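Subject: Structure handover and findings

Hello,

Here is the structure for you to look over. My notes follow below it.

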Amino acid sequence: MAVISQDKYIVRERIAEAPGVFTLKMSRPDNTIPQYFSGQFINIYFPELKTPEGKAYSISSYPKEKTLNITVKGMGEFSNRLSALNPGDTVSASSPCGYFFSESLDSPLILIGAGIGLAPFRSIIFDAIDKNPKREIFLFSSNRTQNDIIFWETLNETFPKHKKFNQKHFITREEKIPKGMVEGRIKTDVILESVKNISEPEFLICGSISFVRDIWRALKESGISEESMYTEAFFSH
């Protein structure tokens, strides 16, 4: 497969988000970034790893930031190499692409993610708040432990300043569940109970293929229309 529309990026900063998870802040050599929509992704290329089509990574920055950020969890040869890049290192990437976003500026957003699946939600939440401060936003996340929750400071210090932002975290592998969190996997009945008084919400689901499939099916069986659900699934690579 031919590689097209590649840009060269320089890593400007590398930030630890959680065990094995790093945000890479990048820009072109002239310090510019491409235009993009919150919820899109870029393909990263390491031709020497025999992946000419590249690997997709969600953009975790939002359009008003000065760098293009991706948040990476080391899960395989490709992502381990990517997450190990340091400031000054270069990498090739595609133009932003994908359609994991609502076209409405008003509909309530129900964001459901697992682990690194929260990466595009950072961008989506910042962008939604910026465009419509009155927009209702609900985030439901699933993680093994509290320490595995990425963007912890942003989730607990920045987003709560927005009065219409709500969040609930599900913890699957911690003996003592932190106060305010829920033990076990995400339960769609908890989600639906939390948003039962919300009119015409849109659901965005991001995580592993099995996670996205199971949540999508459960919501559909509960009466949520396919048209109001958006999905983004990732592979371990």
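Is Tyr62 buried or exposed? Tyr62 is buried, because its relative accessibility is 16%. The cut-offs: buried is under 20% relative accessible area, exposed over 50%, and partly exposed in between, with a 1.4 Å probe and protein chains only.

First, the ground rules. This is a predicted model, where local features need pLDDT of at least 70, side-chain atom pairs count only at pLDDT 80 or more, and totals for chains, interfaces and linings use all residues. Residues are numbered from 1 along each chain as its sequence is written, and side-chain values use heavy atoms, with hydrogens and water left out.

Aromatic rings

Rings of Phe, Tyr and Trp (its six-membered ring) pair if their centres lie within 6.5 Å; planes under 30 degrees apart count as stacked, over 60 as edge-to-face and the rest as tilted. By this rule there are eight aromatic pairs. Tyr62 and Phe126 are stacked, because their ring centres are 5.0 Å apart and their planes are at 10 degrees. That pair links distant parts of the chain. Tyr62 is in the loop between strand 4 (55-58) and strand 5 (68-73), Phe126 is in helix 2 (residues 119-131), and 64 residues separate them. Helices (H or I, at least four residues) and strands (E, at least two) are DSSP runs, numbered from the N terminus. Phe126 is buried too, at 17% relative accessibility. Tyr62 and Phe126 also belong to one aromatic cluster with Phe159 and Phe165.

Tyr99 and Phe101 make a tilted pair, 6.4 Å centre to centre with 40 degrees between the planes. Tyr99 is exposed at 72%, whereas Phe101 is buried at 17%.

Two rings have a charge over them. The test is NZ of Lys or CZ of Arg within 6 Å of the ring centre and within 35 degrees of the ring normal. Arg14 has its charged end over the ring of Phe22, 3.8 Å from the centre. Arg81 lies over the face of Phe46, at 4.7 Å from the ring centre.

Helix 2 is largely enclosed by the rest of the structure, because eleven of its 13 residues are buried. Among them are Phe121, Arg122, Phe126 and Asp127. Arg122 reaches Glu65 through a side-chain polar contact of 2.9 Å. A polar contact is a pair of N or O atoms within 3.5 Å; within protein, one must be able to donate a hydrogen and the other to accept it, and residues adjacent in sequence count only if both atoms are side-chain atoms. Glu65 lies in the loop between strand 4 and strand 5. Leaving aside neighbours within four places in sequence, Glu65 is in contact (heavy atoms within 4.5 Å) with Ile33 and Arg122.

Strands

Strands pair if DSSP finds at least two bridges between them. Gly113 has Ser141 of strand 8 as its bridge partner.

Strand 3 (residues 41-45) is largely enclosed, because five of its five residues are buried. Phe41, Asn43 and Tyr45 point one way, Ile42 and Ile44 the other. Strand 3 pairs antiparallel with strand 4 over four bridges, and with strand 6 (residues 90-93) over two. Asn43 is bridged to Ala56 in strand 4, and Ile44 to Ala93 in strand 6.

Backbone and cysteines

Which residues other than glycine have positive phi? Asn31, near 70 degrees, is one. Phe151, at about 60 degrees, is another. Asn31 is in the loop between strand 2 (21-27) and strand 3 and is exposed at 52%. Phe151 is in the loop between strand 8 and helix 3 (152-158) and is buried at 5%.

There are zero disulfides (a pair of cysteine sulfur atoms within 2.5 Å) in the whole structure. For Cys97, the nearest cysteine sulfur is that of Cys206, 14 Å away. That is too far for a bond. Cys97 is partly exposed at 25%, whereas Cys206 is buried at 3%.

Best wishes
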